[in-house]
Amino acid sequence: MIIFGLVFASSLAWFISSLIGGGSPLVLIPVLSLLVDATAIPPIITVGMLFGNAQRTVIYWQEVDWSITRWYVPGGIVGSIIGAFLFSRTQIAWLSVLLALFLLTSVVAMVLERQVQHFEVKAWYFLPVALVYALLSGLIGSTGPVLHPFYLSAGLMKEQMLATKSLNILLVHLVKILAYGGFGVLTTEHLGYGIILGVAALPGNWLGQRVLKRISDQQFRRFAIAFVACSGMFMLWQQRTLLGGW
């Protein structure tokens, strides 16, 4: 049952994320929260994202903006190690709440995306941005589309953003896996579930590439924001006892 759920969720997540420029964890995290313990989500997501973004990087390789990637990688490596270390020391009880707040924060980021598009982002900005992003990603598993405004403000179009973001995330997740293993929070079970997510991402990436140019980004954006908001509220509701029974 768990394997079937992971395969279906991953294929759907990567298909959806192809149409909104990324954000597959927004689908995967709520599903994983129903199937596995909260402490297993970041390592599993990390392994799955490694494979899924590797596929997407190959698909859109010609569109990679290397000027951004050169600045992104150093910050991403440092942030990944710090985030994985903090995750290995995190109080288990608050992980689900943190994941839920991440989802709701992503909603705000997507809503404000167009408003901050005109803010000029230079390539070197991605050094500190990647450090913070990777740190949070190491702690939570992934931070979805919160960097969308930065990529868009840097002038990247849909295919360019998918290519550059996928390559950057691929490198971050590779470091995170090594860090999780080094800090003793990556088990064989986590690795197996993550590989299932990664393999199941292939049909979603394949189909998403073909549908990308045939769908209205504005209409789908509204659906994605509503879905993420509902997912975050549902996860918070699951932890209502921890939050004082509200």
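Axes here are lines fitted to C-alpha atoms, for helices over the stretch in contact, with angles taken between N-to-C directions; the model shown in every view is a predicted one.

**View 1. Crossing of helix 3 and helix 8 in the predicted model.** The axes of helix 3 (residues 41-59) and helix 8 (residues 158-182) come within 8 Å and cross at roughly 145°, and the crossing is left-handed. On the side of helix 3 the contact includes Pro 42, Pro 43, Val 47, Leu 50 and Arg 56, while helix 8 contributes, among others, Leu 162, Leu 170, His 173, Ile 177 and Tyr 180. By class, this contact has 13 nonpolar, five polar and two charged residues.

**View 2. Packing of helix 1 with helix 2.** Helix 1 (residues 2-19) and helix 2 (residues 25-35) have axes that come within 9 Å and cross at roughly 170°, and the two helices are therefore roughly antiparallel to each other. Ile 2, Leu 6, Ala 9 and Trp 14 are among the residues that helix 1 brings to the contact, and those of helix 2 are Val 27, Leu 28, Val 31, Leu 32 and Leu 35.

**View 3. The largest nonpolar core and the surroundings of Tyr 72.** This core has 36 residues, and Leu 28, Leu 32, Val 36, Ile 44, Ile 45, Tyr 72 and Tyr 151 have the most contacts inside it. Helix 4 (66-88), helix 5 (95-112) and helix 9 (188-211) are among the helices that each supply at least two of its residues. Leaving aside neighbours within four places in sequence, Tyr 72 is in contact with Phe 126, Ala 130, Tyr 133, Leu 147, Tyr 151, Asn 168 and Val 172. Apart from this core lies another, of 11 residues, including Val 47, Tyr 60, Val 64 and Ala 163.

Note on methods
Residues numbered from 1 in each chain as written. Predicted model: local features only at pLDDT ≥ 70, side-chain atom pairs only at ≥ 80, totals over all residues. Heavy atoms only, no water. Axes fitted to C-alpha atoms, helices over the stretch in contact; angles between N-to-C directions. Helix = DSSP H or I, 4+ residues; strand = E, 2+ residues; numbered from the N terminus. Left-handed = near helix turned anticlockwise from the far one by under 90°. Contact = heavy atoms within 4.5 Å. Nonpolar A, V, L, I, M, F, W, Y, C, P; charged D, E, K, R; others polar. Parallel < 35°, antiparallel > 145°, perpendicular 65-115°, else oblique. Core = buried A, V, L, I, M, F, W, Y, C linked by side-chain atoms within 4.5 Å. Buried < 20%, exposed > 50% of the residue type's maximum accessible area, 1.4 Å probe, protein only.
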